[in-house]
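Please read the sequence and turn the model slowly before going on.

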2 protein chains.
Amino acid sequence: MEQKGISKAVIKRLPRYYRYLSELLEEGVERISSNELSEKMRVTASQIRQDLNNFGGFGQQGYGYNVKHLYDEIAKILGLDKVHSMIIIGAGNLGQALAKYENFEKRGFKLVGIFDKNEELFGKEIRGIPVQSIEEIPDFLKENEVEIATLTIPKTEVAQIADMLVKNGIRAFWNYAHMDLNLRVPKGVIVENVHLSESLMRLSYNMTSYERDHKK
Amino acid sequence: MEQKGISKAVIKRLPRYYRYLSELLEEGVERISSNELSEKMRVTASQIRQDLNNFGGFGQQGYGYNVKHLYDEIAKILGLDKVHSMIIIGAGNLGQALAKYENFEKRGFKLVGIFDKNEELFGKEIRGIPVQSIEEIPDFLKENEVEIATLTIPKTEVAQIADMLVKNGIRAFWNYAHMDLNLRVPKGVIVENVHLSESLMRLSYNMTSYERDHKK
């Protein structure tokens, strides 16, 4: 499939299309028109047609889109047609919550290891996976093929641990620590930052500016 | 302060400025030039000057920016100069992890209640706050002023619970459920969605497209 021409803006919308299509599949919907999808997603129908034309999701006049086909095509583009193995570094509250979240596994993200530096957690099992010492990581990565490292550790520890992980072959980070890890890692290492505090600040900003605009 | 002219793009960058300035404050840095900040944040110095000029953060030739002043001004714009009270609905793994996260409180987001529908959790204390039944929420909101409801509940329960919360005066949602809550609530109710699965999909997309581009 030709993907060269897909703009960043379209790519950004893909996970949302994927989510809506997966809901339609669950509901047993086999086909949908751009107008129906438009109403559900609150995106204009012409935007949907433009977006989906990018990756062979051609709707047919009087038929609409084949939900399963579109879903599979988007999955391929997003790399969700393959299993990605993942480890979590930091078995604190957030790390454990993510480890327990079964939906990630359903999407093809397979948790294979959990690591922490807190001895008290060693051996504790989360979904059948025992927490191991961070010191075990180099050996673990020699024996297991791991693509993604999820970091739920304090920001002061990120630099050192990320460097060690890169050295041992990790090529993708899902980073919850409050630092811009993408500024540190070598080119070719992929970073997706999740900065929850910044999300909360955006919420606060929107509340504040709404109040300001509606007080007068 | 005049804020009318601030573009959305600048607003989006504010939490990141705020984070860097708070780190500088912690390090005891009193002033910083746009060039130094540029190097730290990997944003061009001229972009920084443009951005910060928007809200009275005028750097002085040969002096740079006063870190504390800038930090306070940005805090005001983001609404972080006030305390925002918050409840969490859903005391599962993620809800508990968020409840235990002390940094939010440091930023002025004060957790005042935690609710769940699982009886086994009732009375369990998280940071001194007992989990209560969701049925208690209407009374709780009559007795307590609450601005933000954090939703860490299954998506199938969101519609009904969000409607109840809006009816009882909640005006802002921090929504972790996999549905676009902003499409449901009335105008004037602020929603910030955190869709972790979509973040993971973006990571997967970036890994996949990097591999595709570098295979040839």
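Leaving aside its neighbours within four places in sequence, which residues is B:Ser38 in contact with? Before the reply, a word on the ground rules: this is a predicted model, in which local features need pLDDT of at least 70 and side-chain atom pairs count only at pLDDT 80 or more, while totals for chains, interfaces and linings use all residues. Residues are numbered from 1 along each chain as its sequence is written, chains are lettered from A and ligands numbered from 1 in the order in which they are written, and side-chain values use heavy atoms, with hydrogens and water left out.

With those sequence neighbours set aside, B:Ser38 is in contact with B:Val43, B:Thr44, B:Ala45 and B:Ile48, where contact means heavy atoms within 4.5 Å. B:Ser38 belongs to helix α2 of chain B; helices (H or I, at least four residues) and strands (E, at least two) are DSSP runs, numbered from the N terminus. B:Ser38 has a relative accessible area of 15% and is therefore buried, given that buried means under 20% relative accessible area, exposed over 50% and partly exposed in between (1.4 Å probe, protein chains only). The side chain of B:Ser38 also reaches the backbone nitrogen of B:Ala45 at 3.5 Å.

The helix around this serine covers residues 34-41 of chain B, and in it B:Ser34, B:Leu37, B:Ser38 and B:Met41 are buried. Seen down the axis of α2(B), these buried residues fall within an arc of 105°, so they line one face of the helix; the arc is that of the directions from the helix axis to the C-beta atoms. An α-helix has 3.6 residues a turn, so residues three or four places apart point the same way. The buried residues of α2(B) pack against α1 (8-26), β1 (31-32), α3 (45-53) and β2 (65-66) of chain B, whereas B:Asn35 and B:Glu39, on the other side of α2(B), are exposed. After α2(B) comes B:Arg42, whose phi is positive, near 55°.

Between chain A and chain B the count is ten salt bridges, a salt bridge being a side-chain nitrogen of Lys or Arg within 4 Å of a carboxyl oxygen of Asp or Glu. B:Arg19 forms a salt bridge with A:Asp180, and their closest N and O atoms are 2.8 Å apart.

B:His178 is buried, with a relative accessible area of 13%. Its side chain makes a polar contact with the side chain of A:Tyr101 (3.2 Å), a polar contact being a pair of N or O atoms within 3.5 Å, where within protein one must be able to donate a hydrogen and the other to accept it, and residues adjacent in sequence count only if both atoms are side-chain atoms. The side chain of B:His178 makes a polar contact with the side chain of B:Ser197 as well (3.3 Å).
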